[in-house]
Amino acid sequence: MLTTEQIAQYQRDGYTFFPGFLSSEEAVALLSDIESICAGNTLAKHDKSRLEMEPSQPPDGATVRRVYEPCTYYLRFHALSESEQLLRCVEQLLGSNLLFHYSKINMKPPAIGSVVEWHQDLAYYPLTNHDSVAVLFYLDDATSSNGCLQVIPGCHRAPLLNHTRDGFFQGRITDPVDTSRGLYVEGRAGSAIFMHCMTPHASTTNTSSLPRRTLILSYRAADAFPIYVGPVTLDAEAHVRLVRGRQLNVARCSITEFPIPKQQRKTASLYELQEMS
Ligand SMILES: O=C(O)CCC(=O)C(=O)O
């Protein structure tokens, strides 16, 4: 369960930190599954439906930067996404009717781990309200030198920041970002961060010799319905499932205007989109 202080921090700052959410055995078991999932893939020959490689490596390089939708495809990740301990925390933030939305693993490998530019998650998938949370699990110790998450606290109540240039969605905030207000959220392997979908966040390249693998799961309230912005909405909905309570038939609309993330071309991930920008 989240403590009263953690819930208050989430509401005030747009994120909260939960040290030791996973035991070290659980983190190690997830890491060992990740090794098996990634094994045998190279830049030249890999399963594009399951993962994405770091682009700056030779064709036979085996460095993966993202695993897509682990909670759909792999048992241990699926079990975590429906674990009582996790759903109880999400329920404390979003209420009792909950949809699982999507999952991913950002590998941030040593020395080359790709940068994630400042962005707000909701800009990618407009919903009828803001009740959507990302839960980030550090599977390695994460520090500012291996690219831990950075957040700007307290911005989640303000209107969405601009992510568009020349009419097209860039996947990153395109107006100047006041990074002096940014915080590094450092934490040990097994820690979890509960982050509001409107919280601006980023992470730097991994310049260290240590990996920073992070598993990210997203949930939303069952009355947060997607706004259709094109085929990308269908892709974003492909992994949605009810995990708590019941399906709702009435959309709760607390957002009256929303910029449509119009894509210039289809991209595989946030990384590709931000690199193109
Ligand atoms: O991996 C990170 O540091 C942040 C990831 C993120 O914001 C994302 O993948 O949307």
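**Cavities and cores in a predicted model**

User: Which helices and strands each supply at least two residues of the lining of the largest cavity?

Analyst: β4 (98-106), β5 (116-119), β6 (132-138), β12 (201-203), β13 (214-221) and α7 (270-276) each do that. Those labels are DSSP runs counted from the N terminus (helices: H or I, at least four residues; strands: E, at least two). Keep in mind that this is a predicted model, where local features need pLDDT of at least 70 and side-chain atom pairs count only at pLDDT 80 or more, while totals for chains, interfaces and linings use all residues. Numbering runs from 1 along each chain as its sequence is written, and side-chain values use heavy atoms, with hydrogens and water left out.

User: How do I read a cavity, and what volume does the largest cavity have?

Analyst: A cavity is a set of points on a 1 Å grid over the protein atoms alone where a 1.4 Å probe fits but cannot get out; lining residues have an atom within 4 Å of a point. Volume is the space filled by probe spheres set on points joined across faces, edges and corners. Here the largest cavity comes to about 180 Å³. Its lining has 20 residues, with N106, L136, L149, H201 and I216 closest to the centre.

User: What about a nonpolar core: which residues touch the most other members?

Analyst: Such a core is a set of buried (under 20% relative accessible area, 1.4 Å probe, protein chains only) Ala, Val, Leu, Ile, Met, Phe, Trp, Tyr and Cys residues joined through side-chain atoms within 4.5 Å. In the largest, with 39 residues, they are L86, F137, F194 and Y219. Helix α5 (residues 84-94) gives the most to this core, 6 residues. A second, separate core of 16 residues includes Y102 and Y271.

Notes:
On a 1 Å grid over the protein atoms alone, a cavity is a set of points where a 1.4 Å probe fits but cannot get out, and a pocket is an open set with protein on both sides within 12 Å along at least five of seven lines; lining residues have an atom within 4 Å of a point. Buried means under 20% relative accessible area, exposed over 50%, partly exposed in between (1.4 Å probe, protein chains only).
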